[in-house]
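I would like plain paragraphs with the cut-offs stated.

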Amino acid sequence: MGRAPPESELQINVQPRRHHHHHPPPPPPPRPYQPFKKWFPWLVPLIILANIALFAYAMYVNNCPRNSDKCFGASFLGPFAFQSLRENPLLGPSADTLRKLGALDVGKVVEEHQVWRLMSCMWLHTGVFHVAANMVSLLFVGIRLEQEFGFVKIGLLYTLSGIGGSLASALFVRTAISVGASGALFGLLGAMLSELLTNWSIYENKVATLLTLIVIILINLAVGILPHVDNFAHLGGFVTGFLLGFILLIRPQFGYVSRKNAPPGYFLPSRKAKHKIYQCILLILALILLILGLTIGMVMLLQGVDGNDHCSWCHYLSCFPTPIWTCDVRCSSKQNGDQLNLTCMLDNKSRNYFLSSSNSTASDIQKLCTQLCS
């Protein structure tokens, strides 16, 4: 039999226990803190496309070759040809076509209560140059505002400013039709100014931004003193947008952080008020002035009040005569049934006229005014 090995020679090999460690995945990087939401702009591009489409439709309805033998571009544009350059130097339809499609005609608003023209006129344009200039301006101004404040606020701002501009135009431009989105555009500019003022604490380079914006606004308003430009629509839209900016475009004050939007690990030492007191005061005052202004203006318009009767110098806000150009003559008007009284704003000469279905349009009244002042 074999001999067992001595005890000292025994070797016991023990395998170490293997531990399987499951490491959790690393946490995702913290999302960057954005105090204000960024919106995707779709409403402003849609408004631009709608204005261009409506201008093309207006040219189709106009169909200059069917109604006149003095059309511009009839050989290659066909039914979309422009009226003669003498009639419409902006390359567009006739005044009768614009009136048919919804241009602002004070006589139809007052006598036939077609209040909808205060809104419809802002979707029509007199010509290619007119619609191009407005849509390019809307592209640069509107896109930025919609990205910052969203489509709901900018849609309300655009629409109400356009109505405010139409209302001011109807009160002072009594003898000519008015179309264009300029009132709504100036409303956006006015809102940019009030937004800067009410959100003053969150901006850097405040003074430089304010001065730049004021210069841009003044240059655009200065263009309105040229002939054939409805500066009352510009001014009315600007004031309406300026007031709306205090209401719709208010931001939380600097240093306010919402618990919902706070970044991970951010410690909120104290509860800071969302808005400053002056922001709330400006909001309330702007809301009161806006409601009063639109209500009083609408009542005056529907009662046939001529704004020129209460402001003898206001016509200079729309056109200021110089040695280089002259302004269209303007008359204040008072109508009682079929009787129309015109007073020339240049020399206060007055005369009564009898209106009939053949001479009651805005262009006919403008001709009577021109004859009176000549």
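The link of Cys64 and Cys71 is left-handed, with -95° about the S-S bond. The sulfur atoms of Cys64 and Cys71 lie 2.0 Å apart and form a disulfide, a term that stands for a pair of cysteine sulfur atoms within 2.5 Å. Cys64 counts as buried because its relative accessibility is 0%, while Cys71, at 21%, counts as partly exposed. Here buried means under 20% relative accessible area, exposed over 50%, and partly exposed in between, with a 1.4 Å probe and protein chains only.

This is a predicted model, in which local features need pLDDT of at least 70 and side-chain atom pairs count only at pLDDT 80 or more, while totals for chains, interfaces and linings use all residues. Residues are numbered from 1 along each chain as its sequence is written, and side-chain values use heavy atoms, leaving out hydrogens and water.

A search of the whole structure finds two disulfides. Cys311 and Cys314 form a disulfide with sulfur atoms 1.8 Å apart. The torsion about the S-S bond of Cys311 and Cys314 is about 85°, so this disulfide is right-handed. Both Cys311 and Cys314 are buried.

Within α12, Gln279, Ala286, Leu290, Gly297 and Leu301 are buried. Cys280 counts as partly exposed at 37% relative accessibility. The buried residues of α12 pack against several helices, among them α8 (151-172) and α11 (231-248), where contact means heavy atoms within 4.5 Å. Just after α12, Gly304 takes a positive phi of about 80°.

Conventions. Helix = DSSP H or I, 4+ residues; strand = E, 2+ residues; numbered from the N terminus.
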